[in-house]
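Please look over the sequence and the model below before reading on.

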Amino acid sequence: MMNFDDFSSSLAAPTPPDNLPVLLKALWHDGKGEWEQAHEIAQSREGDPAFDRIHAYLHRVEGDEWNANYWYRRAGMAMFKGSLKDEWNALVLHHLG
């Protein structure tokens with residue numbers, strides 16, 4: 001099982017680990033600055049709260065607060081109050097279990 005440090009270290013690789021669940025792949029791409037790839041994954045299952053939650057975060061990264069708020073509401077939550085780094089860390093930890 002991968003932990004947070006392993007996940008963070010994997011960002012040095014050119015591609016995500018093969019066994020990485022899809023939502024962690026989205027966060028991996030975002031961690032690499034590959035917003036488009038991350039966004040493509042997040043919007044691939046609109047209506048699934050877990051995907052909508054990452055979709056919200058990605059629009060916050062983009063600087064589109066209005067759209068981010070829309071996706072947070074779709075995910076059933078309020079906009080994250082901390083920094084983008086704090087939110088990314090929280091999402092990674094959540095999806096690592």
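What covers the buried residues of α5? The cover includes α4 (49-62) and α6 (84-96), where helices are DSSP runs of H or I with at least four residues, numbered from the N terminus.

## Basis of the model

This is a predicted model, in which local features need pLDDT of at least 70 and side-chain atom pairs count only at pLDDT 80 or more, while totals for chains, interfaces and linings use all residues. Residues are numbered from 1 along each chain as its sequence is written, and side-chain values use heavy atoms, with hydrogens and water left out.

## The two faces of α5

Helix α5 spans residues 65-74, and its buried residues (under 20% relative accessible area, with a 1.4 Å probe and protein chains only) are N67, A68, W71 and Y72. Because these residues cover an arc of only 140° around the axis, they lie on the same side of α5, the arc being that of the directions from the helix axis to the C-beta atoms. The face turned away from that buried side carries W66 and R73, which are exposed, a term for over 50%.

After α5 comes G76, whose phi is positive, near 80°.

## Packing of α4 against α5

The axes of α4 and α5, which are lines fitted to C-alpha atoms over the stretch in contact, with angles from 0 to 180 degrees between N-to-C directions, come within 8 Å and cross at roughly 165°. That makes α4 roughly antiparallel to α5, a term for angles over 145 degrees.

The contact (heavy atoms within 4.5 Å) involves residues including H55 and Y57 of α4 and W71 and R74 of α5.

Notes: Parallel < 35°, antiparallel > 145°, perpendicular 65-115°, else oblique.
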